[in-house]
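Here is a briefing on side-chain contacts. It covers charged pairs, aromatic pairs and charges over rings.

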Amino acid sequence: MPGSPGVVVAEQPHYLPWVDFYEQVARAGTLLVLDNVQWLRRGWQRRTRVALPANVPTPPPTEPGFQWLSIPLEDPHRDALIGELAVDARQPWARKHLNKLVTLYGQRPHFATQVLPLLEPFYDGAARESGPGSLLRLLLASTALFHESLGLKPDIRLASSLERQGDEKSARLVEYCRQLKAQTYYSGLGSSLYLQVSLFRDADVRVLWQRFRHPPYAQGREGRFVQGLSIVDVLANVPVDEVRRWLEPSPWGPFAPAPSGG
């Protein structure tokens with residue numbers, strides 16, 4: 001499932017991302033990984049959401065229906081860039097994460113065939129990662145784990161390999177688009193809080209907003225459907241061919257209107 005030429009998606013690297021991220025990748029000719037931005041202690045870069053244990057009832061909608069799986073870092077300072085961070089190799093986190101995922105999803109219908117064969121070699125390699133930049137390498141590897149099975153072939157570029165101009169987010173993204181010869185920037189709706197669409201328009205780059213509708217699926221527990229979990233949760237419960245159909249590019253639309261004042 002090659003992406004659309006001339007379409008750029010810019011995302012920070014993530015740990016075992018959610019399915020909405022892969023829908024963006026499916027649309028993109030180029031996935032620009034923002035490895036040269038400041039990390040967020042409570043952000044999504046080094047952690048992912050997974051299911052609650054089977055013996056824990058699904059909480060009401062006012063409470064989270066998930067738990068976090070987080071990669072430990074080695075003495076990170078607040079202003080560090082994502083590409084500079086080191087994984088804390090002193091902790092046996094990789095074995096613990098694999099064991100937890102097996103415990104959570106081992107009885108789900110597609111975990112043993114679609115997920116576990118990919119996770120085992122990944123965590124075996126993750127246990128040996130250390131030093132500056134090791135977090136970035138792990139995040140890129142965790143994302144790419146499922147590219148082949150999902151039929152994705154993104155052209156992946158690191159923002160640190162491009163020329164960076166200015167500190168303002170929108171202007172910097174426009175400059176990246178110019179260097180990548182992009183005609184379209186495909187953005188998640190969360191970016192509407194800061195993205196200055198007028199700067200893209202001036203550079204002859206159109207902005208399209210993601211409106212992916214997450215299909216519900218059986219998660220193996222009573223109660224509400226919990227959205228936004230890791231792709232591991234999806235592929236443990238849903239046949240990969242069906243997930244591929246979720247990601248198939250459809251006509252461009254409907255999309256959210258451009259934010260006012262942009």
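Buried means under 20% relative accessible area, exposed means over 50%, and partly exposed covers the range in between. The model is predicted. Five salt bridges are counted. A search of the whole structure gives eight aromatic pairs.

**Salt bridges**

- Arg90 and Asp88 join their side chains in a salt bridge, at 2.8 Å from N to O.
- Arg90 has a relative accessible area of 62%, which is over 50%, so Arg90 is exposed.
- Asp88 is buried, at 5% relative accessibility.
- Glu129 and Arg137 form another of the salt bridges, with the closest N and O atoms 2.9 Å apart.
- Glu129 has a relative accessible area of 19% and is buried, because the cut-off is under 20%.
- Arg137 is partly exposed, with a relative accessible area of 39%.
- Glu175 and Arg178 also meet through their side chains in a salt bridge, at 2.5 Å from N to O.
- Both residues belong to helix α5 (residues 169-179); Glu175 and Arg178 are three residues apart, so about one helical turn separates them.
- Glu175 is buried, with a relative accessible area of 9%.

**Aromatic pairs**

- Among the eight aromatic pairs is that of Phe66 and Trp68, with ring centres 5.5 Å apart.
- The planes of Phe66 and Trp68 stand at 85°, so this pair is edge-to-face.
- Phe66 is buried at 16% relative accessibility, whereas Trp68 is partly exposed, with a relative accessible area of 28%.
- Tyr185 and Phe200 have ring centres 5.2 Å apart and planes at 25°, so their pair is stacked.
- This pair links distant parts of the chain: Tyr185 lies in strand β6 (residues 184-187) and Phe200 in helix α6 (residues 197-202), 15 residues apart.
- Tyr185 is buried, at 2% relative accessibility.
- Phe200 is buried too, with a relative accessible area of 0%.
- Trp93, Phe122 and Tyr123 make up one aromatic cluster.

**Charges over rings**

- Arg47 lies over the face of Trp68, 3.7 Å from the ring centre.
- Trp68 also pairs with Phe66, edge-to-face.
- Lys169 places its charged end over the ring of Tyr194, 4.6 Å from the centre of that ring.

Note on methods. Residues numbered from 1 in each chain as written. Predicted model: local features only at pLDDT ≥ 70, side-chain atom pairs only at ≥ 80, totals over all residues. Heavy atoms only, no water. Salt bridge = Lys/Arg side-chain N within 4 Å of Asp/Glu carboxyl O. Buried < 20%, exposed > 50% of the residue type's maximum accessible area, 1.4 Å probe, protein only. Helix = DSSP H or I, 4+ residues; strand = E, 2+ residues; numbered from the N terminus. Phe/Tyr/Trp six-rings, centres within 6.5 Å; stacked < 30°, edge-to-face > 60°. Lys NZ or Arg CZ within 6 Å of the ring centre and 35° of its normal.
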